[in-house]
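Here is a short tour of a protein model, written for someone who likes to look at sheets and pockets. Keep the viewer open as you read along.

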Amino acid sequence: MTRHDILEKIRQFEPELVAIRRDIHKHPETRFEEVRTAGLVASKLREWGLQVEEGIGKTGVVGTLQGRRPGQRAIGLRADMDALFIQEENDFEHASSVPGKMHACGHDGHTTMLLGAARYLAENPDFAGTVHFIFQPAEEAGTGAPAMIADGLFDRFPVDAVYGMHNTPGMPVGHFATRPGPILAGADFWGVTFTGTGGHGGAAPHLATDATVVLGHFLLAVQTILPRNLKPTEPAALSVGHVSGGTFGSPNVMPARVVVRGTARYFRPEAQAVIRQRLEELAKTLAAAHGCEAELTYEALCPPTVNAPEKVPVANAAAVALVGETNLGEYPMSTGGEDFAFMLQQKPGVFMRIGNGVNADGSFHNVHTPKYDFNDEILGLGAAYWASLVQQELSLEDR
């Protein structure tokens, strides 16, 4: 059966995939609360005849399918299920029904595409070996993949390779892209608490040690860490995302405590170490210079996402079989983060990007924004890619 035959067969039940995707979108669940979503996934997999295990890494689900041809190899296909803490601003019928939560990254689509592949392969198991369909919680927190791994994911469901896929707004429909080696950055959270005495900002500022002055100097100093401590050609990012201190109703009171938080992105452990060291050195030195104290917290969320070079040709061949060479590109390194990185540390594999398209005028809403929505037009294509990948990996008993 050709890859185009695969897509045509999936198109026949694509309306059901659209309904599933929109149902998940309307009922978003955030990190480790994906009970309804996991239940829907497990129900569909059982309906189609797969073996199903639930509660892996708390709310993760794995469906297992044996091919009809003899083979000892096994692969894992992974999709993420969780939503984000964002208030949706769309007004279509399937918009989020949960205040403050929405599927703003397309995990509803990722889950549905993998479900579509599971249905197709269950009906057409013409491959040699085993496919494990991995539905993962809590990707946005960077803790879902390690939770599943710690719960014995690859011990209970051994695989020779593991693959992931993510939609890309702005990339045309029908296009795929990836790259060998690093594709996404390591992602960390950091925070600094500056503590002084605080005081009356009008009557006696001279009697106080002012943590806000330290904060001001620190905010500027943070911007010197990358250009003055890493080579100019090294990709990395360091940004502030939260500042708090004082009481809004009392602007005449100098706060005794101010907090700043941000994110760090990097591709080398050495760069991560430099960023962490300089954040702490600058915070403590500036605080001491103004009679205050500083405490750094640093949370390593997920490592860089690194594709196995030997598996990239396999992933690329699966895409080319569907869309042709001209619609396959090399994805540039991005400082976005992805906890699929933890799985790629355990097993060789590839993280693929699939185009989510653009509006008629060429515009698009990016992920993690309140107007974003997954493009239902690519559900069948994404499911077909997974099926094509299974044919590439498990077409023979030995590879």
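In this predicted model, four strands form an open sheet in the order 10-12-8-13, and their pairing is antiparallel. Strand 10 (237-245) and strand 13 (293-302) stand at the edges with a single partner strand each, so one side of each is left without a neighbour in the sheet. On average, neighbouring strands of this sheet are turned by 15 degrees against each other, direction ignored.

For a closer look at one pairing, follow strand 10 and strand 12 (residues 257-266), which are joined in the antiparallel sense over eight bridges. Ser 239 has Thr 263 of strand 12 as its bridge partner. Helix 8 (residues 269-289) packs on the sheet, where it touches strand 8 (186-195), strand 10, strand 12 and strand 13. The direction of helix 8 makes about 165 degrees with that of strand 13.

| Largest pocket | about 680 Å³ | 29 residues |

Which residues are the closest to the centre of the largest pocket? They are Glu 140, Arg 265, Gly 336, Gly 337 and His 368. Strand 5 (161-169), strand 8, strand 13 and strand 16 (349-357) each supply at least two residues of this lining, and strand 5 gives the most, with four residues. By type, the lining divides into eleven nonpolar, ten polar and eight charged residues.

The lining of the second largest pocket divides into five nonpolar, six polar and two charged residues.

Technical notes. Residues numbered from 1 in each chain as written. Predicted model: local features only at pLDDT ≥ 70, side-chain atom pairs only at ≥ 80, totals over all residues. Heavy atoms only, no water. Pairing = 2+ DSSP bridges. Axes fitted to C-alpha atoms, helices over the stretch in contact; angles between N-to-C directions. Contact = heavy atoms within 4.5 Å. 1 Å grid on protein atoms, 1.4 Å probe; cavity = no way out; pocket = protein on both sides within 12 Å on 5 of 7 lines; lining within 4 Å. Points joined across faces, edges and corners; volume = space filled by probe spheres on them. Nonpolar A, V, L, I, M, F, W, Y, C, P; charged D, E, K, R; others polar.
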